Amino acid sequence: MKVAIINSSYQGMRPADRIYNLGVDKIAQYHRLRGDEVYAGPWVPMMLGLMDKFYFSVIFTWDLPEMVRQVRMVRDWGKEVEIGGPAATFMHTYIHKRTGIEPHYGLDDRFEHVPGDYCLTFTSRGCPHNCPFCGVNKVEPAALEYDDFSLANMIGDNNILATSWAHQELVVNKLVNFGGEIDINSGFDVRFFQEDHRRLYSKLKLQCWRFAFDSMEVEEDVLRVAAMMRANGLDRHHVTFYCLIGFPGQTLEECHYRMQTIIRLGMNPYPMRFWPLNSLNRKYVAPGWTEGELYNMSMYYQTPYIWMSDSWENFKPGKKIRAVPHEQAILKEES
Ligand code: SF4
């Protein structure tokens, strides 16, 4: 059988534009292991007319209108189609109404354990929290721990600290001799993070320690964890805190406060702009905010070089940043 697996969140041709889609790689590997002929990648209709079956995997909801157009074309060719991915779970009805196809909901057991050489791996699924800005519980409603996960440099677990201690030890033991830096990309939950975790994960060559300061409720834990990091000689070069911005109800002042707090604590903030789980484009602006404020805040806090060299009041995107002392310029390259 000839199978095409389309990464519907593959954005452009430049390497920096490409969005890695683990689902695409796993489905491709599943079919390769069965001896099928596989195409996996972006939508290239001229090359795909002879395929027997199509999968469309979509990560972001704003990629759905284009994906729907492609699915309709493939249906007109009379081909079998399956649709999945996080955005297909969030916008199930939207897709069904427009294509007549029932997308796969949540994780797909057929592909969850396919061994392979991937860029990203999940050792666990689920998260015990249910933050109003997050879709993890829709895609991963059950807490699962895997002991057969493929090894990769990037770990996608949404809340690895919510797993058992035995599981976390297993993960570290499996990764400790895996080549290169390890990126626990969703980070560590400050509510759960203790000295034992710091000691355990210090065995890995972490790309950086990632945490989140998404709302004021976790401020006390943020202060505690930042102090623990500092006491162990770790600063903004090693520790990043994701900070949600632009969620309805948040104010500009509160978002500044959280990111300025991270800077004052000697750590690196990373603003994460809120997008509703049903956004069909990237134009959402919460009440009380402007697009300019969200854009400027993202630009300002995303780059240490900028917030180290310019005040927020003085900052204009695109304006020439004044010269910074030599050692700061070097630090910027490391960040
Ligand atoms: S803690 Fe993180 S993964 Fe869990 S629900 Fe909140 S944002 Fe989502």
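Visitor: Where does Ile-155 lie?
Guide: Ile-155 is in strand 8, residues 154–155. Strands here are DSSP runs of E with at least two residues, helices are runs of H or I with at least four residues, and both are numbered from the N terminus. This is a predicted model, in which local features need pLDDT of at least 70 and side-chain atom pairs count only at pLDDT 80 or more, while totals for chains, interfaces and linings use all residues. Residues are numbered from 1 along each chain as its sequence is written, and side-chain values use heavy atoms, with hydrogens and water left out.

Visitor: Is Ile-155 buried or exposed?
Guide: Ile-155 is buried, with a relative accessible area of 0%. Buried means under 20% relative accessible area, exposed means over 50%, and partly exposed is in between, using a 1.4 Å probe and protein chains only.

Visitor: What does Ile-155 touch?
Guide: Not counting residues up to four places away in sequence, Ile-155 touches Leu-120, Thr-121, Thr-123, Leu-175, Ile-182, Asp-183, Ile-184, Asn-185 and Ser-186. Contact means heavy atoms within 4.5 Å. The C-alpha atoms of Ile-155 and Ser-124 are separated by 9.5 Å, and these two residues are 31 residues apart along the chain.

Visitor: Asp-183 is in that list. Which residue does Asp-183 form a salt bridge with?
Guide: The partner of Asp-183 is Arg-210, and their closest N and O atoms are 2.8 Å apart. Asp-183 and Arg-210 are both buried. A salt bridge here is a side-chain nitrogen of Lys or Arg within 4 Å of a carboxyl oxygen of Asp or Glu.

Visitor: How many salt bridges does the structure hold?
Guide: There are 15 salt bridges. One of them joins Arg-199 and Asp-196, with the closest N and O atoms 2.9 Å apart. Arg-199 and Asp-196 are three residues apart in helix 9 (residues 195–201), which puts about one helical turn between them. Arg-199 is partly exposed, with a relative accessible area of 47%, and Asp-196 is partly exposed at 43%. There is also a network of salt bridges that links Lys-53, Glu-80, Glu-82, Asp-108 and Arg-110.

Visitor: Changing topic: which residues surround the ligand?
Guide: Cys-127, His-129, Cys-131, Phe-133, Cys-134, Val-136, Asn-158 and Arg-191 surround the ligand. A residue is near a molecule if one of its heavy atoms lies within 4 Å of it.

Visitor: How does that shell divide into nonpolar, polar and charged?
Guide: The shell has five nonpolar residues, two polar and one charged. Ala, Val, Leu, Ile, Met, Phe, Trp, Tyr, Cys and Pro count as nonpolar, Asp, Glu, Lys and Arg as charged, and the others, Gly among them, as polar.

Visitor: And Arg-191, what does its side chain meet in a salt bridge?
Guide: The side chain of Arg-191 meets that of Asp-189, at 3.0 Å from N to O. Arg-191 is partly exposed, with a relative accessible area of 35%, whereas Asp-189 is buried at 9%.

Visitor: Now a loop. Where is Leu-234?
Guide: Leu-234 is in the loop between helix 10 (219–231) and strand 11 (239–245). Leu-234 is buried, with a relative accessible area of 16%. Leaving aside neighbours within four places in sequence, Leu-234 is in contact with Trp-209, Met-229, Val-239 and Met-267.

Visitor: And the whole chain? How many helices and strands?
Guide: The chain has 14 helices and twelve strands. Its radius of gyration is 21 Å, close to the 20 Å that the globule rule gives for 335 residues, so the chain is as compact as a globular protein of that length. The radius is taken over C-alpha atoms, and the globule rule is 2.2 Å times the number of residues to the power 0.38. The C-alpha trace spans about 60 × 45 × 35 Å along its principal axes.

Visitor: What share of the residues is buried?
Guide: Buried residues make up 48% of the 335 residues.
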